[in-house]
Amino acid sequence: MANYMLLAPELVLTLVALAIMLAGLFFGPNNKNILGYVAGVGLFAALCLTIGGLTVNETLFYGTMTIDALSQFFKIVFISVSLLVTIASIKYTEGNKNADEFFTLLLFSTIGMMVVASANDLITLFVGFELASLSTYALAGFEKNNPKSMEAALKYFIIGSLSSALMLFGISFVYGMTGTTSIPGIAENAGALASSPIGLIAVVMLIAGFGFKMALVPFHMWAPDTYQGAPTVISALLAAGSKKMGFVAAFRVFVVALALLSPNWQTAFAILAVITMTLGNVVAISQTSVKRMLAYSSVAQAGYIAIAFAVMTPMALTGGVLYTLSHAFMKTGAFLVVAVVGYMVVSDNKNAKDIDHLDNFKGLAKRMPLTAFAMMVFVFALSGIPPTAGYMSKFILFSSTIESGLVWLAVIAILNSALSLYYYARIVKYMYFLPASGGKISEPKPYAVAIILALAGVLIIGIWPEPFVYWAMEAAKVLMV
Amino acid sequence: MDSFNAIALAIFLPFIFAGLIPLANKVFKQYIGWFAVAGALTIFLLIAKVAPIIIHGDTVSGGVSWLPSVGLEFSIYADGLSMLIGFLASGIGVIIMSYSNGYMSQKEDLPRYYKWLLLFMGSMIGMVFSANTIQLFIFWELTSITSFMLIGYWRNKPESIYGATKSLVLTASGGLVMFAGFLLLSSITGTFDIPTILHSESLISAIHEHKFFLLTLTLIFIGAAAKSAQGPFYVWLPNAMEAPTPVSAFLHSATMVKAGIYLVARIHPIFSGTDAWFYLVAGTGMATMVVAGFLAFRQTDIKAILAYSTISQLGYLMTMYGYTTQHEPGIGVAAATFHLLNHATFKACLFLVAGIVAHEASTRDIRKLGGLRREMPITFIIASIGALSMAGIPPLNGFLSKEMFYESSIEMGAAIGSPYTILIPAIAVLGGVFTFAYSIKLIDGIFLGKRHDDELPNHIHDPGATMLIPAAFLAFLVILFGLVPSIPVHNIVEPTTAGILLEHVELHVKLWHGFTPSLFMTMFTFIIGLLVYSKYDAIATWQDRFNERHSAVSINYHYDAVVNNARSSAHKISAIIQPGTVKTYMSAVLALIVVLVFIPIVLLGANIIPHTLNFNFNIAPYEILLMLLMVIAAIAATILPGYLPAIIALSALGYMVSMLFIYLKAPDLALTQVLVETLSTIIFLLAIVKIPQKFKETISKTTFARDAIISVAIASTVFIMLINATQGIVSPFESLSHYFIENSLSLAGGHNIVNVIIVDFRGYDTLGEISVLCLAALGVYNLIHSRSEEK
């Protein structure tokens with residue numbers, strides 16, 4: 001029984017989530033957001049427990065779950081994102097009578113993602129996927145009276161259900177051909193699958209299922225609409241957290257279980273990576289809503305990470321894994337900045353429309369110097385400018401791409417980074433050079449704390465990357481068995 | 001303190017000083033500039049402390065562990081080359097920051113100004129002392145960002161914002177391209193460490209023979225050219241002149257634009273000695289030198305003249321570093337290095353003068369200026385020294401390095417042979433002629449000639465000492481280096497050249513070196529230069545007219561077109577691929593799947609459809625009837641008008657599925673299906689009353705056809721896949737039923753196997769199902785309840 005303690009982070013979060021749900025009954029609508037502190041403490045405890053178990057390598061529940069460097073790494077990603085989102089949401093949910101549900105759903109979605117990270121069996125993986133998806137569907141539509149939020153949730157739900165169906169279809173083919181749903185078991189029996197055209201069908205179906213979460217083109221179309229319409233804190237969760245769930249699932253299923261079929265999916269991922277990053281960056285240029293721009297930028301970022309699948313050397317996987325961590329901090333941070341700007345705009349003018357419009361970023365350096373500086377670091381990090389986390393991850397990922405001989409792929413990726421600089425620089429230009437439309441105001445504390453934490457993450461990984469690279473390497477080793 | 005620590009401190013101190021600025025501002029207030037000067041001076045002294053070692057011919061290197069997982073250190077390499085640029089960055093930094101104390105009004109946001117200047121200085125020093133490509137790139141991009149912030153310092157001017165953005169987009173993306181080149185370089189050599197490559201002949205020859213040699217060189221060179229405003233990338237530099245003048249003097253003439261030159265010099269031993277190097281580096285340099293020198297004529301803003309002049313002078317440097325042959329890879333290296341130093345002195349001096357003139361006369365337009373020699377005698381003398389040195393007049397330092405330039409041009413021409421023997425020196429002279437003409441124009445236009453009283457303020461005078469002394473000091477250096485060339489040559493040029501060529505170098509530069517061919521070229525330059533100068537205004541007018549008629553010639557025109565159209569084109573693209581309806585989104589996903597599954601079947605001829613179908617035709621009549629009804633219900637659900645009938649058809653379909661389950665002897669499954677179907681129908685009905693009851697959608701024929709095609713295609717794809725799955729490609733599994741038959745009595749004590757499975761073997765599963773149903777029922781109750789409350 002002792003090793004069930006390995007699931008302590010999940011157990012803690014489950015208990016905290018249930019406690020919040022119950023406690024919500026006893027709070028008035030004006031102070032329900034206090035429950036956010038409880039969620040934050042729970043997440044922090046889970047983070048410490050996960051870091052404490054970083055070196056474990058064991059399986060649980062008849063081999064359906066595994067605790068290894070990869071799962072722990074991704075759990076840290078998920079918990080960190082949720083923690084940042086939770087801290088910021090303490091302000092966002094102020095005075096909202098559904099705050100208890102908000103935090104409960106947030107924790108449940110985190111647990112779902114953590115289950116996916118640990119899944120060693122396709123059924124477990126699917127269950128985790130659905131837990132996270134269903135919770136986030138509800139969260140995306142949290143602003144019940146906002147039609148845009150409703151639209152966001154509905155689109156996300158419909159496309160999400162389709163993808164789940166496709167994923168299940170793929171899983172059933174894999175199961176049919178190999179006779180098992182266990183990931184190591186599939187890897188052992190993948191011979192028949194690899195030699196049959198069914199293998200290709202299964203791969204296509206699974207890419208469609210995971211690609212939806214990863215927001216790879218053409219499965220990305222829900223993402224801009226959803227990220228834009230959803231509450232900004234939830235956009236951060238979707239872009240930085242739930243997107244990574246697709247990646248960890250794909251890492252386990254493709255790189256471990258379906259390694260024998262790699263000729264099938266490596267080319268597919270290379271093509272998807274190129275289309276995804278190019279399309280994401282080109283379309284991002286035209287956006288005037290910062291939220292939507294970040295959504296497309298996050299599509300483009302998924303394209304970069306997908307390179308790891310196309311290259312599939314230990315170093316490339318290290319880069320891909322590290323990239324997910326870096327992206328978690330940069331993207332969460334950037335979305336939280338959008339959230340705090342939205343707060344600023346609404347406090348200027350109650351009836352403001354288009355609160356995520358680029359014009360609202362004018363003169364931000366004067367109005368909120370800390371936020372503006374953080375945003376500058378985040379967008380430069382997203383475009384891969386040093387010394388930031390974004391640069392470090394790109395460096396490792398692209399250098400391994402070149403080393404493996406896929407020079408064209410790396411060159412396209414780097415040209416894409418240069419292209420993206422154009423729209424990121426525009427945000428900085430608006431913040432630092434254009435005149436402000438109001439006086440200096442101070443950020444609400446929870447937002448400020450979350451933004452500073454994200455900023456610290458981006459800069460620490462950029463300046464002292466060694467421990468992160470080391471753990472990313474350990475995680476990649478799990479995949480290369 | 002050893003040398004390594006001194007250099008490391010020199011890299012990080014500027015960042016620390018910059019971080020201290022907000023605090024220091026409380027103490028120093030309007031004198032914050034002197035705090036920054038003290039910082040820069042400290043850095044200068046730290047580098048000077050290491051200088052004797054390097055002048056002696058040694059190098060300083062070392063590193064501390066930074067990213068061991070990928071074999072990267074934070075490492076420092078100091079040789080003559082890095083020392084030269086390090087001196088420029090800190091020394092000119094001291095001069096510029098002192099000058100800024102007079103130039104910048106105290107109403108300005110001074111802490112921000114000095115903070116970014118110090119950050120820039122730190123990045124520049126970090127860049128030149130970096131021993132590995134990755135670290136070099138990091139500081140390289142930092143210089144781009146700090147330059148961006150400094151160009152945009154005056155936030156209220158749209159031009160300065162335009163200039164800032166342009167410089168960032170071009171230099172930082174150039175840097176990213178260079179980064180690709182660095183990654184290629186390290187994949188060829190297996191190391192990021194520059195000195196390792198420089199000192200290893202086997203690695204260098206491996207690079208020369210590699211199939212990506214040209215690609216690597218080109219990518220790295222693009223980064224250098226973008227930074228140093230060479231070739232088509234020059235367009236950002238004139239716009240960068242919107243920065244405060246001390247910034248222009250510091251970043252955009254003396255230091256940052258030298259970063260590209262630095263890089264070219266740094267990789268010189270790796271790539272030189274090849275045709276590619278000559279054509280790429282020297283070719284770009286010569287084209288830039290001539291074109292930019294020529295375009296300077298058109299400019300009316302004195303800073304713009306200086307900007308074009310800087311581009312042209314950087315072209316000289318590129319050209320000289322590009323001179324190479326297989327036997328003598330570094331023909332122009334010594335000349336280039338000396339000119340690099342000289343250019344930094346006279347050009348910074350001229351920029352400071354431009355700042356003084358703008359400050360005192362309130363204009364930088366050369367058409368409005370004139371005749372200031374009497375009112376500003378000292379400024380006039382300083383400006384003349386700087387401009388004459390640029391023109392190459394003896395005994396100033398510009399003369400000496402230009403002589404060396406001509407000398408190396410002759411040598412290079414002779415080395416390749418006809419027609420280059422004449423062509424290369426001729427191009428060099430042409431560049432010299434243009435330089436001569438605009439240098440004279442600067443003196444003539446500002447200080448000589450008539451005073452335009454209606455355009456200028458009444459009283460103009462020399463500025464105070466804070467602004468005059470830095471400029472005068474630079475002018476003093478110009479004369480000193482000209483009269484006593486052995487000082488800079490021995491202390492700076494020789495070690496730098498040695499650092500680039502990796503061998504011991506002794507140079508003999510004298511003011512009078514006899515009647516050499518290069519001296520005749522110089523005299524020829526002066527004569528032609530004077531002739532060209534007599535037609536200066538006519539040429540400028542012709543350029544203006546030409547530009548009006550053929551605007552497509554200008555690179556700026558294309559830059560603006562691309563940038564301005566980028567958003568509208570991107571908008572068009574996004575309108576096509578992201579129309580916003582869920583139907584399109586789903587069609588895209590489904591279409592992709594159809595395509596990906598059909599391609600292997602049709603194109604690759606994969607054996608996916610079984611040749612013989614092996615159906616078990618023991619189908620009872622009920623089954624056929626049920627299935628027929630199911631098909632009818634499905635079709636009805638799609639074509640019935642209105643939601644209510646469609647929902648009823650859909651639930652009919654669901655109930656028939658559960659009947660099928662009963663027939664297939666799965667009563668538990670059937671039961672669940674009936675319950676789920678009932679609940680979902682109720683929820684459907686409750687929700688449906690809230691929305692309009694009729695379909696009002698009108699679908700065009702093309703849309704209908706498209707949707708039909710996609711539906712049929714996806715249905716047939718799924719059909720094929722299912723046929724495939726049932727036809728024995730998938731091996732049948734062993735049935736589980738015998739396990740339950742054997743164990744249901746012994747383990748669970750029940751005779752009814754189905755019951756035992758439901759309540760015992762799968763007890764938790766059943767519990768879960770029950771909870772789900774309860775929750776769903778609660779939801780239904782809530783829906784009904786809330787409706788009755790509303791009424």
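**Salt bridges and the chain contact**

Modeller: B:Asp109 counts as partly exposed, because its relative accessibility is 36% and that class lies between buried (under 20% relative accessible area) and exposed (over 50%), with a 1.4 Å probe and protein chains only. This is a predicted model, in which local features need pLDDT of at least 70, side-chain atom pairs count only at pLDDT 80 or more, and totals for chains, interfaces and linings use all residues. Residues are numbered from 1 along each chain as its sequence is written, chains are lettered from A and ligands numbered from 1 in the order in which they are written, and side-chain values use heavy atoms, with hydrogens and water left out.

Biologist: Which residue forms a salt bridge with B:Asp109?

Modeller: The partner is B:Arg112, with the closest N and O atoms 3.1 Å apart. A salt bridge here is a side-chain nitrogen of Lys or Arg within 4 Å of a carboxyl oxygen of Asp or Glu.

Biologist: And is B:Arg112 buried or exposed?

Modeller: B:Arg112 counts as buried, because its relative accessibility is 14%.

Biologist: What does B:Lys441 pair with?

Modeller: B:Lys441 forms a salt bridge with B:Asp537, at 3.6 Å between the closest N and O atoms. This pair links distant parts of the chain, 96 residues apart: B:Lys441 is in helix 19 (residues 420-446) and B:Asp537 in helix 23 (residues 536-549) of chain B. Helices are DSSP runs (H or I, at least four residues), numbered from the N terminus.

Biologist: How many salt bridges are there over all chains?

Modeller: The search of the whole structure finds 20. One of them joins A:Asp225 and A:Arg292 (3.1 Å, N to O), and both of these residues are buried.

Biologist: Changing topic: how many salt bridges lie between chain A and chain B?

Modeller: The count there is zero. However, five residue pairs are in polar contact across the interface, both residues at pLDDT 80 or more. A polar contact is a pair of N or O atoms within 3.5 Å; within protein, one must be able to donate a hydrogen and the other to accept it, and residues adjacent in sequence count only if both atoms are side-chain atoms.

Biologist: What area is buried between the two chains?

Modeller: About 6,100 Å², of which carbon and sulfur atoms give 82%. Buried area is the accessible area (1.4 Å probe) that two parts lose on being put together, summed over both. In chain A, A:Met221, A:Phe395 and A:Phe433 lose the most area to chain B.

Notes. Helix = DSSP H or I, 4+ residues; strand = E, 2+ residues; numbered from the N terminus.
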